[in-house]
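Reader: Could we go through some contacts in this model together? I would like to begin with charged pairs and then turn to strands.

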Amino acid sequence: MIIIRFDEKINDGDDFMIYGNIEGVRNSILEKLDGVYDIKVPKDSICNEELIRIISEATIYLNREVSVAVNRKGAVVAVAVGDSSTVEMPEIDVKEKKLCGIRIIHTHPNGNSRLSAIDMSALLKLKLDCIAAIGVCDTGCTDITLGFCGIENDILAGEMTRPLMIEQAIQYNVLDKIKYVENLLKNEEIIDDDSERAILVGVDNEDSIDELGELAKACNVKVMEKVLQKRSSIDTTFYVGKGKVEEIGLLRQGCGANVVIFDDELSASQVRNLEENIGAKVIDRTTLILDIFATRARSRESKIQVELAQLKYRLPRLSGLGTVLSRTGGGIGTRGPGEKKLEVDKRRIREKIYDLGNELKKIKLVRETQRERRNNIPKVALVGYTNAGKSTLRNKLCEIAMPKEVAEKEKVFEADMLFATLDITTRAIELPDSRIITVTDTVGFIKKLPHDLVEAFKSTLEEVTYADLLLHVVDASSSTAEEQIDAVNNVLMQLGVKDKPIMLVLNKIDQAPEEYIKSIQEKYKDINTINISAKQEINMDLLLDEISKSLPYTLKKVEYIVPYSEQSIAAFLHRNAKVESEEYKDEGTYISALVDDEVYNKCEKYMMK
């Protein structure tokens, strides 16, 4: 595959004009490759047999890609040596409304001539006349695949031939094709399209692949097709069967997709094998989720958590991961705070992981200090599947029950999308019985949530550990509500909080069929359940009443007379208790208040007998 990275031409002292990685290459091989500059290629042909023979022999000997650039006069202008999967080329001048006048012929040592995603990316970015890949195995050349620029819906797009026999490829008249494409470029107004168009592939069920589609939508990726293959076990080489991979490759060309997203975590070798056979960038569900987290993280803590998860995920995949690690890849999997770390060595990444872990420990200490300050205040945490409506519910609770003395704070971002909220927020609300409690909104859970992400966000999810009551918010309108409940319960089990008091809050009942709601209530009849619609404010008062009943009532009603000489005590009561009434009397300030044990003990001497 061709990587667009422009290095200086290497000259080892023997005047060999060879680009790229020639370290350790014998002079006899370099001399043969240097002789390629003397070959004259027919103007209307992609290459000739002599050129194919020389670079194929070098590839077999070195097990590295070899690339040759040829201009329209048939002269060889550059020869480069790469590694087993990539080769770099010198800079090529790209002109407006014209092809660059260069065709590139390179080898694939794996014997597969299909053009890779990076090959096609180089073709379009450099506007090459043609790009050709020669499949080379131990016995020689297998076949050749050609790629040309084309136009689809006013957008520059790549076209790939089927694998051709050597004779067919040599006889292919490239000049006719080049003239045709250049006429299109002159006459058409071409739009630069950097959007990502995806094919989704899964082996579970329709619901899982539909959810993958929602994740793709959250990344601004257009879903072109969905492919589901029922399998009893995952193929260790291709994830799906070899025949299905070929079908996906043809489907990708037909619908113009430039990325294929798989519904499970893939190994580095699976990504590499799939990219080589499909000819497009391949990513997995974990990369997609990490990408969403990278784009949504706002606070310093969540950015550190996402970067930590990205690095932990990529560390074992550094060697051999395909287009995701390429500098030309772009798009999903290359965004976010961790992107600059992708191509550094493993030692530096381990050091970065260690440093980020220490930073999170410091933030954890700050959070513990904040938690201690509100130790006597009952704590409620909202948990649930992503997009269940937790942020909407939290905003409505604050809107309805915000204490009068608390200034209104900024609302949490809410939207009909997966993982709209990543940053944890805690706000105080007032219950109908006049108690003040805190409500904490947490990051949503999802099936197949990456383990590294759960680990990284543990400091945030500790708020769930210290909560007195969990409100498990469920999207009752979802056909997969029960599976979502089970997925959340699994994460709660990982956090060790499954035995905490939990209330099941069935949200969006205005959109939910009655049978859905009854089915959930019947299955979870042992759990306290309440039906609401946060958006439409249905049963919100009932929810607040149920929260009051579920939290232990520890406040005492006490009457005080505070001497006028000690008004700091009156101010203390206003700050730390719920003052119901206040009156100025001859002997001092009369205050009737609901107090906790700490305030009760501290102000005991001012109590009325």
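Reader: Which residue forms a salt bridge with lysine 549?
Author: In this predicted model, lysine 549 forms a salt bridge with glutamate 546, and their closest N and O atoms are 3.6 Å apart. A salt bridge here is a side-chain nitrogen of Lys or Arg within 4 Å of a carboxyl oxygen of Asp or Glu. Local features need pLDDT of at least 70 and side-chain atom pairs count only at pLDDT 80 or more, whereas totals for chains, interfaces and linings use all residues. Residues are numbered from 1 along each chain as its sequence is written, and side-chain values use heavy atoms, with hydrogens and water left out.

Reader: Where do lysine 549 and glutamate 546 sit in helix α17?
Author: They are three residues apart in helix α17 (residues 540-550), so about one helical turn separates them. Helices are DSSP runs of H or I with at least four residues, strands are runs of E with at least two, and both are numbered from the N terminus.

Reader: Is lysine 549 buried or exposed?
Author: Lysine 549 is exposed, with a relative accessible area of 65%, while glutamate 546 is buried at 16%. Buried means under 20% relative accessible area, exposed over 50%, and partly exposed in between (1.4 Å probe, protein chains only).

Reader: What about aspartate 129: which residue is its salt-bridge partner?
Author: The partner is arginine 72, with the closest N and O atoms 2.7 Å apart. Aspartate 129 lies in the loop between α3 (117-126) and β7 (130-137) and arginine 72 in the loop between β3 (66-71) and β4 (76-81), so the pair ties together parts 57 residues apart in sequence. Aspartate 129 is buried at 2%, whereas arginine 72 is partly exposed at 28%.

Reader: And which residue pairs with arginine 285?
Author: Arginine 285 forms a salt bridge with aspartate 263, the closest N and O atoms being 2.5 Å apart. Arginine 285 is buried at 2% relative accessibility, and aspartate 263 is buried at 1%.

Reader: Changing topic, how many residues of strand β17 are buried?
Author: Seven of the seven residues in β17 (residues 469-475) are buried. Leu469, Leu471, Val473 and Asp475 lie on one side, with Leu470, His472 and Val474 on the other.

Reader: Which strand pairs with β17 over six bridges?
Author: That is β18 (residues 502-507), in the parallel sense; two strands pair if DSSP finds at least two bridges between them. Leucine 471 stands opposite methionine 503 in β18.
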